[in-house]
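Hi everyone, thanks for making the time. I have one structure to walk through today, so let me put it on the screen.

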Amino acid sequence: MSDTTKQTKPADSSSSFLPYTYLLGFFLSGAAGLIYQIVWIRILSIVFGNTTYAVSMVVAGFLSGLALGSRFWGGRADSFKNPLKEYLKLEVYIALSAVVATVLIYMVDDFIVSSITVDSIDSFGWQIARYIIIFLLLLAPTSFMGGTAPLMGKVFVRSFENLARGVGSVYAVNTYGGVAGCLMAGFLLVPFAGVKAAFAIAVLFNVAVACIFWIAMKSFAVEKADEKNLKSVPKQKHNKKSKHKGKTVKEKESSGESAASLNVSTSFLLVLYAVSGFCALGFEVLWTRAFIVSFKSTVYLFSNLLAVFLLGMALGSHLFSKKGDRLKNPMKLFGISQVGIGLFGILSIFFFLYSADIAFSIGSLLGGMSWAKDMVVMFLLMLSVFLLPTALMGLSYPLISRMATGSLASMGKSLGTIYAVGTVGGIAGSLMAGFFILPLIGLQAGLIFFSVISLICGYVALANSALLGKTGWAIPATAIFAVAVFVALQIGGIDIGIGGKSSGKLVFVKEGVMGTVKVSENVKGGPLTLMVNNYQLATSGDVAVRFGHIPLLIRDKTDDVLLISLGSGITAGSIGAHDTVERIDCVEIVPTLLDVQPLFKKDNRNIVADKRFNISFWDGRHYVRATKRKYDLVVSDLFQPDSAGVGSLYALEHFQNVKKILKTGGSMAQWLPLYQLSPDNLKVIMRTFAYAFEHVAVWSGDINSELPALMLLGSSDPIQINPAELAKKFELEAVKVDMVEHSDPLSFLSFYVMDREAVLKYTKGFPINTDDRPIVEYTAPQTVWNRKQNSISNFASLISSRQKVTALLPLAGRDKALSDSIDRYYEGRTKILKAKVEHAMRNYPKELELYKEAAKSAPSDPYLSMALFDLGFMYYKRRDYRSSSDIFQWSKKINPNLLEAYFYLAKSYERLGMKKEALEELSKLAQLRPDLASKLLVGK
């Protein structure tokens with residue numbers, strides 16, 4: 001008889017090597033699934049838009065396929081004689097259908113874009129149509145993925161008494177694979193190999209799983225034969241008592257800790273699981289938003305967050321698998337876990353209230369931040385807030401599976417149904433959070449909402465627990481605690497949805513779906529600062545006023561303009577100041593920004609009230625593809641390159657799409673924040689832009705070396721400047737107000753940097769930023785801690801590559817006086833720019849020396865006056881009033897209209913005890929601009 005026992009030993013999963021082979025396959029399958037999800041979200045966001053709503057629909061379509069597949073294949077799993085063979089087939093089907101689905105996405109891309117209009121792009125009907133299209137495109141691969149869930153159980157679970165251990169282990173390992181896939185895709189595959197290469201790796205994983213299981217097929221056949229031998233052994237030899245309640249294995253299989261033994265129906269358990277899935281995905285959406293509001297919305301934040309979320313769920317399932325079969329009352333544990341999730345949901349509000357301070361403190365302990373340290377700190381913070389509640393979430397699937405499964409014979413159907421129901425609940429929770437909770441009640445109230453639902457779910461489970469016993473006090477105690485926290489939040493006026501503290505007084509704050517918008521004022525009557533989440537977008541009197549003027553000054557005739565990004569409306573206002581412009585279309589991804597426009601109406605000339613102005617709220621990349629209108633000029637305002645999704649606005653495909661909507665002779669003006677780009681990123685974007693357009697003119701925004709901006713002007717036609725037209729445009733009243741160089745066109749022309757040929761030379765050897773190789777989106781966040789160095793490096797490197805503007809002026813070669821003037825201004829501006837580098841490096845004596853040299857070439861350049869003012873102000877702050885007064889005197893001599901020079905010259909005289917001279921300067925200031933003089937005195 002002992003020989004027979006030895007023959008049956010391979011059937012015991014604890015002593016066979018075969019289960020580890022299964023687990024390896026399940027791990028790789030989970031990794032492949034997450035890589036597919038990340039890749040498809042990236043691809044489909046290009047097709048359907050990168051807004052919260054669009055991405056939510058992509059995720060919903062993906063999860064719907066999983067639910068449908070799990071339910072369908074679960075219903076068939078119990079009839080399979082060899083479930084391993086069927087699982088192998090599913091992995092092959094996933095690989096093949098994933099390839100077909102991805103090809104179809106690319107094939108129908110143009111058809112989908114041609115079917116929508118700007119007016120319908122955000123309509124409810126198009127939202128539904130988008131979901132249906134995504135669902136149909138991904139139906140085959142996602143349904144096959146969903147089918148693997150119940151089949152994993154059929155393959156791995158060999159006895160009913162080990163069901164919890166088997167299901168928990170399978171779910172945990174598959175989720176661990178998801179963690180690995182998420183980290184691989186987010187940190188390695190897409191950044192270094194590209195989207196298509198990452199997709200190919202996922203396909204290879206599926207193929208590898210199929211190969212592993214094909215090899216395991218023979219061992220599985222031996223196992224089945226051993227099971228038959230086991231059945232032939234005399235019953236009394238194997239009818240041993242189990243460790244649980246003294247039941248035999250056979251008795252355990254027939255009853256177990258199933259729904260029937262708990263006096264609850266399977267339907268009731270499924271409802272509980274659906275609610276737990278609803279809360280889990282709702283929390284995921286809201287916690288993601290909370291991190292974005294508190295920190296930086298980078299592509300790595302999403303990868304980290306998803307990985308930690310999955311890790312917690314895997315750990316919870318893993319830990320449960322070890323003791324799940326010995327639980328006397330699994331319903332009680334489910335109830336406790338849901339109550340715990342609800343409590344953590346409420347407490348997470350306090351974490352996010354202080355999270356930024358915590359991160360800053362950790363950074364200080366680490367001796368300053370870098371990208372690597374930032375990633376570690378973010379990961380630790382996410383673990384601290386997510387690990388325990390997500391571990392509790394990870395208990396749900398194996399727990400419900402343990403309770404709702406009646407026998408091994410029906411296990412496949414049970415697991416498939418449970419997985420499907422939980423996934424449907426997750427879809428509902430995700431859509432509820434994104435489409436209703438955030439826009440209607442906000443982040444903090446949303447967290448409370450899902451916490452209350454989770455608490456109620458836990459209370460219902462505990463109330464139906466057969467052995468509630470002494471833990472009954474937990475229901476009123478936790479309910480009282482939740483109410484107390486809610487009251488404390490209300491009394492304290494706490495609202496994490498508006499983000500951290502802002503400098504100055506908040507004059508506007510509103511939480512929207514796409515971000516929290518704030519406007520602050522440091523001094524009453526002083527400049528306003530506009531922020532979205534943690535990013536400063538604009539200030540009153542911002543240099544953005546030049547971003548609209550410069551491309552219009554260069555171009556001869558511009559009727560129709562498209563502006564990508566509204567912000568404070570300052571750029572739009574400067575475009576509207578040109579009365580020859582007949583139409584201004586603007587696309588903005590954050591709708592709440594429309595509400596702040598009245599606060600900046602003096603800066604943006606109340607552009608939103610202009611009849612020529614039309615605004616749409618959507619993703620700019622998608623809008624460009626959807627619009628059927630043609631434009632003379634497309635202006636892309638400054639974008640945060642390290643923000644998630646923004647990298648696609650610097651991609652070759654986007655520049656090519658813009659090129660398609662330009663009229664003959666039309667141009668695209670792309671503004672770049674040099675202080676937010678590493679030298680490598682800058683060259684990648686410039687080279688990408690030059691590949692898209694046959695003619696390019698690069699233009700500096702100003703002479704600011706620490707916050708410089710650069711414009712790339714691209715066109716299919718040669719770019720030339722008509723001096724007569726330029727002079728005429730400089731006579732516009734708005735241009736005179738906004739452009740310092742309005743009386744000196746040669747000063748304006750000296751901002752020219754280089755042409756397309758020079759761009760290609762300057763960027764030689766650097767790659768192109770594409771949708772497949774999103775270099776900028778993945779590398780820009782790595783340099784966020786080096787902005788000052790990047791700014792100076794970019795500014796300095798462009799000086800040495802500058803060209804004279806002669807090539808853009810057809811008549812310059814025949815007009816010697818004009819050519820000589822261009823040469824002089826070029827030399828003078830070069831000295832000024834080099835001096836600004838010295839200013840950034842705090843080498844002030846060298847800076848002053850360079851200004852003196854610049855004055856020899858272009859003594860009347862108004863930007864020499866501004867540069868001198870900056871130097872004088874530095875000396876003033878250092879209390880060297882003698883030097884500051886001399887420099888301010890020189891500055892206002894060059895530009896008699898520079899009001900700040902009069903004011904600080906007066907202040908310098910005052911500090912030197914020269915009261916008479918100080919009063920004279922203030923009197924001159926009041927005579928020049930009495931309306932602005934009073935404002936200049938505010939807070940000084």
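Let me start with a cysteine: Cys 279 is buried, with a relative accessible area of 1%. Buried here means under 20% relative accessible area, exposed means over 50%, and partly exposed is in between, using a 1.4 Å probe and protein chains only. Before I go further, the ground rules: this is a predicted model, where local features need pLDDT of at least 70, side-chain atom pairs count only at pLDDT 80 or more, and totals for chains, interfaces and linings use all residues. Residues are numbered from 1 along each chain as its sequence is written, and side-chain values use heavy atoms, with hydrogens and water left out.

Cys 211, for its part, has a relative accessible area of 43%, so it is partly exposed.

Now the overall picture. The protein chain has 36 helices and 12 strands; these are DSSP runs, H or I over at least four residues for helices and E over at least two for strands, numbered from the N terminus. The radius of gyration is 33 Å, close to the 30 Å that the globule rule gives for 940 residues, so the chain is as compact as a globular protein of that length. For the record, that radius is taken over C-alpha atoms, and the rule is 2.2 Å times the number of residues to the power 0.38. Along its principal axes, the C-alpha trace spans about 115 × 55 × 50 Å. Of the 940 residues, 58% count as buried. If you take contacts (heavy atoms within 4.5 Å) between residues at least 6 apart in sequence, 78% of them join residues at least 24 apart.

How about confidence? The mean pLDDT of the protein chain is 85, and 91% of its residues reach 70 or more; pLDDT is the predictor's confidence in each residue, from 0 to 100. Over residues 1–15 the pLDDT is below 50, and beyond near neighbours in sequence that stretch has 16 contacts in the model. The pLDDT is also below 50 over residues 229–256, a stretch with 36 such contacts.

On to the sheets. Four strands form an open, antiparallel sheet in the order β1-β2-β3-β4, where two strands pair if DSSP finds at least two bridges between them. At the edges are β1 (505–512) and β4, each pairing on one side only. Neighbouring strands here are turned by 20 degrees against each other on average, direction ignored. Axes are lines fitted to C-alpha atoms, for helices over the stretch in contact, and angles run from 0 to 180 degrees between N-to-C directions.

Why is β3 (residues 528–532) largely enclosed by the rest of the structure? Because five of its five residues are buried. In a regular strand the side chains alternate between the two faces of the sheet. In β3 both faces are covered, with Leu 528, Leu 530 and Val 532 on one side and Thr 529 and Met 531 on the other.

Five bridges join β3 to the antiparallel β2 (residues 515–521). Val 517 stands opposite Val 532, and Ser 520 has Thr 529 as its bridge partner. The β2–β3 hairpin has six residues between its strands, and Gly 525 in the turn has a positive phi of about 85 degrees. On the β4 side (residues 535–539), four bridges make an antiparallel pairing with β3, and Met 531 stands opposite Gln 536. That hairpin has two residues between its strands, with Asn 533 in the turn at a positive phi of about 55 degrees.

The other sheet I want to show is an open one of eight strands, in the order β7-β6-β5-β8-β9-β11-β10-β12, with mixed pairing. β7 (613–617) and β12 (752–755) each have a single partner strand, so one side of each is left without a neighbour in the sheet. Helix α18 (residues 544–554) lies across β8, β9, β10 and β11, running at about 35 degrees to β11.

That's my tour, so over to you for questions!
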